[in-house]
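Please look over the two chains shown below.

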Amino acid sequence: MTLLTPRRLFWVLLALFVLLLLCALVGMVVGPSHLSLAEVVRALLERDTSPAADIVWRVRLPRVLLALVVGASLSTAGVLFQALLRNPLADPFVLGISGGAALGGISVLALGAVVGWGYGAVPPAAFAGALLAAVLLFVVAGVRGRLSATRLLLTGVVFNAFASALIVFLASLAGLAQGTQIFLWLLGNLSAARADVAGFVALFLGAGLLCALPLARHLNLLALGDESAAQLGVAVERTKRLLLLATSLMVGAAVSVSGLVGFVGLIIPHLLRLLLGPDHRLLVPAAALGGAAFLVLCDTLARTLLGGRELPVGAVTALLGGPLFLVLLRRQDVRAFAP
Amino acid sequence: MSLFALEAVSVALDGRSVLRNVSLALRRGEVLGLVGGNGAGKTTLLRAAAGSVPLASGRILFRGEDAVQLSRNARALALAVVPQDTRVPFPFTALEIVLMGRAPHLHWLGFESQRDLDAAHAAMQQLGIEGLAARSVLELSGGERQLVMVARAFAQQADVLLLDEATAHLDLRHRARVLARVRGAVRSGTRAALVVSHDLDWAARYCDRLALLAEGELLVLGDPVEVLTRANLQRAYGVEIEIARGPDGLPLVVPSRGL
């Protein structure tokens, strides 16, 4: 019997934090130019003018930090969507929320030039896209407050296909489709890493967690259904609206810098739920740490798997996440909640 | 002053009038059975009582005070509801679900205290489901889940219990146990229960009074013997029935063969 106590919460999160640190170190050690662990640690601590310090501070640390915050954002958003939609299959990528964010971002890139909007308009457009997709999902897939797995997934699939088509169309229209850049972005990649970019995503991650953590206890009650949760004292509508906004902001920020990195919000919450149980007071912060560690590892793989050439990190997460998703679909607990 | 009362309550759902001018009062220490045909408005009445559907008109009174005035938490301390739908999407253990009934007793960021754990265990023990405590609710049968939800409502320690078909999926033994425990819970005289039931014979034996609903209106309210008459049931259900007497002298509803 492992009921959640403050003690258990502390130790589990500490363990995950240490795991994240280890992954981050691995991510900074591994790369085209070989650095030893000692060199990395020294560079981090002293920040001198050695080439190692230069590589660590200018290249690897920003990259690892970006993977960390994007992974944490997507994974946290996954847990929150699953709780809000009462469905373990919910994930910002699968449900088309990421697609909506991407569509918003691309729209501004493609059409904004006409009215003189620069790259700065991409993040707000990505938020708007994510929020719109989320609202659309609730409206289309929800029948009297109940969201069935089938309708959710179908809505997500259709919306994703539609968003991708529009993205390609808009990109072609604006001549953005030169080379493979747009293709890489659609697959999700972190090569745009700069420290300030990571800071930008971290801001929204922090805001999202700040909203979600105090409400984690109420997310547990939402599992009983909206009406039962309300009868136990949860302000259901307010909670849902706030968290929908928070998740959309997190997904929007993550997508606007990394493109469509899929399945992080599915794999990590599911794995952690299996290991730690479904209590959101633990699951939400654990998903943030676990998602961060996972994407740092995936990005390290993406940078090194093909030797010199870089793989989009979204390809790595999809290669891992796709099969897992199918396994999940076949599991009893998920089917039991289909209509 | 009654513990809990509906005063001339009317409810419309999607523009359709579902309840019309229903008044009933729960006395302290009683189990009031809510019976009637499909679509008669039993569940809507229970949801209205719980504050989950807006009233077109009328008032819900808790200890003489309009329930609208109560905060969410105060309402959760006053009313515990066992819903019809007991499905849960995540693998919470039965104990974790029962502990959710303690939510209104917790602080804002709260973790459950030993007192909450004791209340949860006591509730599970009352219903004879301590053995399920560590099991995932995803693996439980429909009947077992219902027992867990009843235990959750017991753990909530509210003054008014509202049960919506909470024994529908239960076998004889568990149905008898749940109803006996509900009776036991209100017997102290400070609480009361409103129980929606499809089974008239069980309702006659475990409820102090019955309210018979038909087409959104309260047809008759009173002692089970007065309510379960041939004429009343024919009006409510529109079908020929006979009333027999059980060995306990209480009415037994017997279907006529028809034609």
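Two strands pair if DSSP finds at least two bridges between them. In this predicted model, that rule applies to L61(B), whose bridge partner in β5(B) is D66(B). Strand β4 of chain B, residues 57–62, and β5(B) pair in the antiparallel sense over two bridges.

**The four-stranded sheet of chain B**

β4(B) and β5(B) belong to an open sheet of four strands in chain B, with the order β2-β1-β4-β5 and antiparallel pairing. Its edge strands are β2 (16–26) and β5 (65–66) of chain B, each pairing on one side only. Strand β1 of chain B covers residues 4–13 and pairs with β2(B) in the antiparallel sense over seven bridges. One of these bridges joins L13(B) to its partner in β2(B), R16(B). A hairpin is formed by β1(B) and β2(B), with two residues between them. In the turn, D14(B) has a positive phi of about 50°.

**The six-stranded sheet of chain B**

Chain B also has an open sheet of six strands, in the order β6-β7-β8-β3-β9-β10, and here the pairing is mixed. The edge strands are β6 (79–82) and β10 (217–222) of chain B, and each pairs on one side only. From one strand to the next, the twist averages 15°. Helix α6 of chain B, residues 172–187, packs on this sheet and touches β3, β7 (160–164) and β8 (192–196) of chain B. The direction of α6 makes about 155° with that of β8(B). Strand β3 (residues 31–36) and strand β9 (residues 209–214) of chain B pair in the parallel sense over five bridges. Within that pairing, G36(B) has L213(B) as its bridge partner in β9(B).

| Strand pair | Sense | Bridges |
|---|---|---|
| β4(B) and β5(B) | antiparallel | two |
| β1(B) and β2(B) | antiparallel | seven |
| β3(B) and β9(B) | parallel | five |

**Helix packing in chain A**

Helix α3 of chain A (residues 51–85) packs against helix α12 of chain A (residues 280–304) at an angle of about 140°, with their axes 7 Å apart. That angle makes α3(A) oblique to α12(A), and the crossing is right-handed. The residues of this contact divide into 16 nonpolar, seven polar and two charged.

Helix α1 of chain A (residues 6–29) also packs with α3(A), at an angle of about 140° and with axes 9 Å apart. α1(A) and α3(A) are therefore oblique to each other, and their crossing is right-handed. On the α1(A) side, A24(A), G27(A) and M28(A) take part; they meet V56(A), R60(A), L61(A), V64(A), A67(A) and L68(A) in α3(A). By class, this contact has seven nonpolar, one polar and one charged residues.

**Where the chains meet**

How many residues of chain A are in contact with chain B? There are 27 residues of chain A in contact with 24 residues of chain B. On the side of chain A, the elements that give two or more residues are α8 (195–222) and α9 (226–231) of chain A. The residues on that side divide into 14 nonpolar, seven polar and six charged.

**Confidence in chain A**

Chain A has a mean pLDDT of 85, and 90% of its residues reach 70 or more. Over residues 335–339 of chain A, pLDDT stays under 50, and the model has 10 contacts beyond four places in sequence for them. Where pLDDT is low, the predicted coordinates should not be read in detail.

Terms used
Residues numbered from 1 in each chain as written. Chains lettered and ligands numbered in written order. Predicted model: local features only at pLDDT ≥ 70, side-chain atom pairs only at ≥ 80, totals over all residues. Axes fitted to C-alpha atoms, helices over the stretch in contact; angles between N-to-C directions. Parallel < 35°, antiparallel > 145°, perpendicular 65-115°, else oblique. Left-handed = near helix turned anticlockwise from the far one by under 90°. Nonpolar A, V, L, I, M, F, W, Y, C, P; charged D, E, K, R; others polar. Contact = placed C-beta atoms within 7 Å. pLDDT = per-residue confidence, 0-100.
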